[in-house]
Amino acid sequence: MAFSVKWIYELSADYELDLSRYVPVEIAEACAFEDRSGVCRLELHPGGRAVVKAHYAWDGCTPKFAVLDIVVGTPDGIPNEITRRPKAYYASLVHDVLYQFLDADLPLSRAQADRVFLGLLERDAFAPRWVYYAAVRAFGGLTRLVTRRVRSYAGRRVPLRAPGAPEQEPHQGA
């Protein structure tokens, strides 16, 4: 059965995070990552600042599926007292966007993306964080390959342009 919407969550505003709090990062030049339709979904800046762009959508912790209008699968946790979002909300957001662009010259490895996931689960006091981390370490590579094939992920790394600056070359189909 399918969900009545394609994704469970969608960012209403940009989400910024300092990746260097969780892993050593070497980003020499600011860059952006576009999805297959040319929409910027992620920016990375020297020093490790990451910006997941508004309207990025994802399913939270996976796998999930719907049965008789009930979501079955990996729980995202109880609401965080401060954010009022499920405790794994931000960890799953950042993990998904990093995994999406691993093959598009992302300057982080899969292991680093997984470590950021654990760091955010720790930050948001998610009790079963070590179980979730062990699961992404054990199954994340396989899940990524399947997801990439099923969802036809195709993204690319592009230079980060200043807001309002013209593109240097026109987009070509992905």
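Arginine 49 is partly exposed, with a relative accessible area of 35%; here buried means under 20% relative accessible area, exposed over 50%, and partly exposed in between (1.4 Å probe, protein chains only). This is a predicted model, in which local features need pLDDT of at least 70 and side-chain atom pairs count only at pLDDT 80 or more, while totals for chains, interfaces and linings use all residues. Residues are numbered from 1 along each chain as its sequence is written, and side-chain values use heavy atoms, with hydrogens and water left out.

What does the side chain of arginine 49 meet in a salt bridge? The partner is glutamate 16, at 3.2 Å from N to O. The pair links distant parts of the chain, with arginine 49 in strand S5 (residues 49–52) and glutamate 16 in strand S2 (residues 15–18), 33 residues apart. A salt bridge means a side-chain nitrogen of Lys or Arg within 4 Å of a carboxyl oxygen of Asp or Glu.

Let's move on to arginine 156, whose side chain meets that of glutamate 34 in a salt bridge (3.1 Å, N to O). Arginine 156 sits in strand S9 (residues 156–159) and glutamate 34 in strand S3 (residues 31–34), so this pair links distant parts of the chain, 122 residues apart. Arginine 156 is partly exposed, at a relative accessible area of 34%, whereas glutamate 34 is buried, at 7%.

Arginine 157 forms a salt bridge with aspartate 105, and their closest N and O atoms are 3.4 Å apart. Because arginine 157 lies in strand S9 and aspartate 105 in the loop between H1 and helix H2 (110–123), the pair ties together parts that are 52 residues apart in sequence. Arginine 157 counts as partly exposed at 33% relative accessibility, and aspartate 105 counts as exposed at 51%.

How many salt bridges does a search of the whole structure find? The search finds 10. Elsewhere, Asp14, Glu43 and Lys53 are linked in a network of salt bridges.

## Helix H1

Is H1 largely enclosed by the rest of the structure, or left open? Since 11 of its 12 residues are buried, H1 is largely enclosed. Among the buried residues are Tyr89, Leu93, Val97 and Gln100.

## A nonpolar patch

On the surface, Phe65, Val67, Leu68, Ile70 and Val72 form a nonpolar patch with about 470 Å² of accessible area together. Strand S7 (64–67) and strand S8 (70–73) are the elements that give two or more residues to this patch. Patches are made of residues with over 30% relative accessible area and no salt bridge, with like charges joined within 9 Å and nonpolar side chains (Val, Leu, Ile, Met, Phe, Trp, Tyr) within 5 Å. Valine 67 is found in strand S7 and counts as partly exposed at 35% relative accessibility.

## The whole chain

The protein chain has 3 helices and 9 strands, in the order β-β-β-β-β-β-β-β-α-α-α-β along the sequence. Helices (H or I, at least four residues) and strands (E, at least two) are DSSP runs, numbered from the N terminus.

Buried residues make up 41% of the 174 residues. The chain exposes about 10,200 Å², of which carbon and sulfur atoms supply 55%; accessible areas come from the Shrake-Rupley method with a 1.4 Å probe, and for residues only the protein chains shown count as cover.
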